[in-house]
Amino acid sequence: MSFHPQMEYAPARWHRSERKLAEPGEEFRYTAENQAKFDELVTHYPAEERKSAIIYALFLVQQQQGYVSGASMRFVADQIGCTSADVEDVVSYYTMFYTKPVGKYVINVCRTLSCALLGAERVTEDIAGKLGIHPGQTTADGMFTLIEVECLGACDRAPVVMINDDHWHERLQPDQVGEFLEGLRSRGVQSLTGCHLCVEKK
């Protein structure tokens with residue numbers, strides 16, 4: 001006689017992985033310029049530490065084609081000398097890598113504590129409502145993608161929004177969302193406040 005409960009081993013009850021693979025996409029290769037950039041960068045690492053260049057290699061991919069496909073992950077793996085799974089681990093960990101095409105303007109709304117306390121959730125809701133999408137989606141015209149991210153390091157200027165990894169808009173309030181979106185449509189990143197710490201003019 002056993003005191004252990006009887007277990008049912010029907011396959012339908014087994015855990016099924018929800019892991020989603022990136023879309024393969026077309027065969028990928030760096031442009032000659034990006035290949036030269038990569039080749040120069042990896043010389044800064046010992047041969048046995050080439051994995052340290054994975055993030056840089058992926059940024060080159062994303063800058064070139066707009067997102068990181070399954071084919072480009074395999075390409076990076078070949079460049080680094082590691083497995084595709086090693087590269088996919090990095091892509092799936094960092095929110096700044098996109099595994100499907102995104103809009104011309106990727107709107108990253110910080111949702112961490114300082115921004116959350118000052119209304120970031122309402123900012124996200126208003127952006128989503130005006131664009132007719134949910135976080136993680138792209139508008140039908142391919143203009144905007146909305147993403148919620150963790151701390152962007154500008155807590156004293158909350159709520160803060162980052163556009164395309166390079167451009168900033170600080171202290172965005174819900175009642176300013178319409179003007180903010182229209183500014184992006186009509187004037188692009190020139191309409192943004194920028195970062196108050198960037199005092200040098202280009």
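**Notebook: salt bridges, sheet and surface**

I began with glutamate 33, which is exposed at a relative accessible area of 54%. My cut-offs for this value are under 20% for buried, over 50% for exposed, and partly exposed in between, with a 1.4 Å probe and protein chains only. The model is predicted, so I note that local features need pLDDT of at least 70 and side-chain atom pairs count only at pLDDT 80 or more, whereas totals for chains, interfaces and linings use all residues. Residues are numbered from 1 along each chain as its sequence is written, and side-chain values use heavy atoms, with hydrogens and water left out.

**Helix α1**

I looked for the partner of glutamate 33 and found a salt bridge to lysine 37, at 3.8 Å from N to O. A salt bridge here is a side-chain nitrogen of Lys or Arg within 4 Å of a carboxyl oxygen of Asp or Glu. The two residues are 4 apart in helix α1, so about one helical turn separates them. Lysine 37 is partly exposed, with a relative accessible area of 34%. I take helices (H or I, at least four residues) and strands (E, at least two) as DSSP runs, numbered from the N terminus.

Asparagine 34 belongs to helix α1 too, which spans residues 32-41. Asparagine 34 is buried at a relative accessible area of 9%. Setting aside neighbours within four places in sequence, I found asparagine 34 in contact with Leu60 and Gln64; contact means heavy atoms within 4.5 Å.

**Other salt bridges**

I searched the whole structure and got 6 salt bridges. One of them joins lysine 51 to aspartate 86, with the closest N and O atoms 3.4 Å apart. Lysine 51 sits in the loop between α1 and α2 (54-65) and aspartate 86 in helix α4, so the pair ties together parts that are 35 residues apart in sequence. Aspartate 86 is partly exposed, at 24% relative accessibility.

I then checked arginine 111, which forms a salt bridge with glutamate 148 at 3.7 Å between the closest N and O atoms. This pair links distant parts of the chain, as arginine 111 is in the loop between β1 and α5 (113-117) and glutamate 148, 37 residues away, is in strand β2. Arginine 111 is partly exposed at 43%, and glutamate 148 is partly exposed at 28% relative accessibility. Salt bridges with shared partners join Arg111, Glu148 and Glu150 into one network.

**The sheet**

I counted elements for the chain: 7 helices and 4 strands. Their order from the N terminus is α-α-α-α-β-α-α-β-β-β-α. The 4 strands form an open sheet with mixed pairing, in the order β2-β1-β3-β4. β2 (144-149) and β4 (167-169) stand at the edges with a single partner strand each, so one side of each has no neighbour in the sheet. On average, neighbouring strands are turned by 25 degrees against each other, direction ignored. Axes are lines fitted to C-alpha atoms, for helices over the stretch in contact, and angles run from 0 to 180 degrees between N-to-C directions.

I followed the pairing of β1 (residues 105-110) with β2, which is parallel over 6 bridges; strands pair if DSSP finds at least two bridges between them. Among the bridge partners, isoleucine 107 goes with leucine 146 and cysteine 110 with valine 149. In β2, 5 of the 6 residues are buried.

I also noted the helices across the sheet. Helix α6 (residues 120-131) lies across β1 and β2, at about 150 degrees to β1. Helix α7 (residues 177-187) lies across β1, β2, β3 (161-163) and β4, at about 150 degrees to β1.

Tyrosine 105 is in strand β1 and is buried at 8% relative accessibility. Beyond neighbours within four places in sequence, the contacts of tyrosine 105 include Phe144, Ile163 and Leu184.

**Surface**

Accessible areas come from the Shrake-Rupley method with a 1.4 Å probe; for residues, only the protein chains shown count as cover. Buried residues make up 38% of the 202 residues.

Ile55, Tyr93 and Tyr94 make a nonpolar surface patch of about 320 Å². Patches take residues with over 30% relative accessible area and no salt bridge, joining like charges within 9 Å and nonpolar side chains (Val, Leu, Ile, Met, Phe, Trp, Tyr) within 5 Å. Tyrosine 93 is in helix α4 (residues 84-93) and is exposed at 64%.
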